[in-house]
Amino acid sequence: MKRSSWQGLDTAARTLTPTLLIVAMVFLGQLPYSLSGQASVTPYFVLMGVFYWGMHRPDLLPAVVVFLVGLMQDALDGEPFGVNAFVLIAVYWLVVSQQRHFRGRPFLVVWSGFAAAALMADILRWTLVSIVLGVALAPWAIMLEYFMTVMFYPVLTVAFALAHKTLPRGESGEFVD
């Protein structure tokens, strides 16, 4: 292969980074986490990825990918089909439409925004699953999931930020923060 072919392959791989990381978050979310004998609860890892990449590089994370990843999450979690897809698209739309309010702000402001979006997402998810199943689910597991999700966000943000630095420049030619 010529050097330009390798460069093209490298650019394609970097462009797919947000999608690949979000798919990895779906699989990471399948690992059980339990706290001292409590029921197994997992942070909503894929939500963290959708929020981060929706805010920083929505050009590399199209809505159709978010929707398909949500369907994959539903299939693997055994939740009613379409619930995660709907919730993730709602969060994606929210963060993309509000990104100008978060960009360039201190991390605590962004983290607070994420906490609000995660709360909305978990309440929406709990409500939709309860409606589809026809029974109100116990809120304790979703509350624990929410707190774990908010607490894990700074850790994953560091990993996402490191990956972000390797991505190709934005549509304007500038490095997109």
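Helix α7 bends by about 40° at Y153, and a proline, P154, follows within four residues. The bend at a residue is the angle between axes fitted to the seven residues ending there and the seven starting there. Helices (H or I, at least four residues) and strands (E, at least two) are DSSP runs, numbered from the N terminus. The model is predicted, so local features need pLDDT of at least 70 and side-chain atom pairs count only at pLDDT 80 or more, while totals for chains, interfaces and linings use all residues. Residues are numbered from 1 along each chain as its sequence is written, and side-chain values use heavy atoms, with hydrogens and water left out.

The protein has seven helices and zero strands, and its pattern along the sequence is α-α-α-α-α-α-α. Of its 177 residues, 41% count as buried; buried means under 20% relative accessible area, exposed over 50%, and partly exposed in between (1.4 Å probe, protein chains only). Contact means heavy atoms within 4.5 Å. Among contacts with a separation of 6 or more, 72% are between residues 24 or more positions apart.

Despite the bend at Y153, α7, with 26 residues, reaches 35 Å from its first C-alpha to its last, close to the 38 Å expected at 1.5 Å a residue. The expected span of a helix is 1.5 Å times one less than its number of residues. The buried residues of α7 include I142, Y146, T149, Y153, L156 and F160, and the buried residues of this helix pack against α2, α3 and α6. T157, also in α7, is buried with a relative accessible area of 12%. Leaving out residues up to four places away in sequence, T157 touches Y52 and F107. T17 lies in α2 and counts as buried at 16% relative accessibility. With the corresponding exclusion of residues up to four places away in sequence, T17 touches A163 and L167.

A bend of about 40° is also found in α5, at V96. The 20 residues of α5 should span 28 Å at 1.5 Å a residue, and the end C-alpha atoms are 26 Å apart, which agrees. Among the buried residues of α5 are V83, L88, V91, V95 and F102, and what covers the buried residues of this helix includes α3, α4 and α6. After α5 comes G104, whose phi is positive, near 80°.

In soluble globular proteins, nonpolar side chains tend to be buried together. A nonpolar core is a set of buried Ala, Val, Leu, Ile, Met, Phe, Trp, Tyr and Cys residues joined through side-chain atoms within 4.5 Å. The largest such core has 39 residues, and those with the most contacts inside it are V46, L47, F51, W53, F114 and Y153. Two or more residues each come from α2 (17-28), α3 (45-56), α4 (63-77), α5 (83-102), α6 (107-133) and α7 (139-164). The largest share, nine residues, comes from α3. Leaving aside neighbours within four places in sequence, L47 is in contact with L88, V91, F114, A118, A121 and T149.
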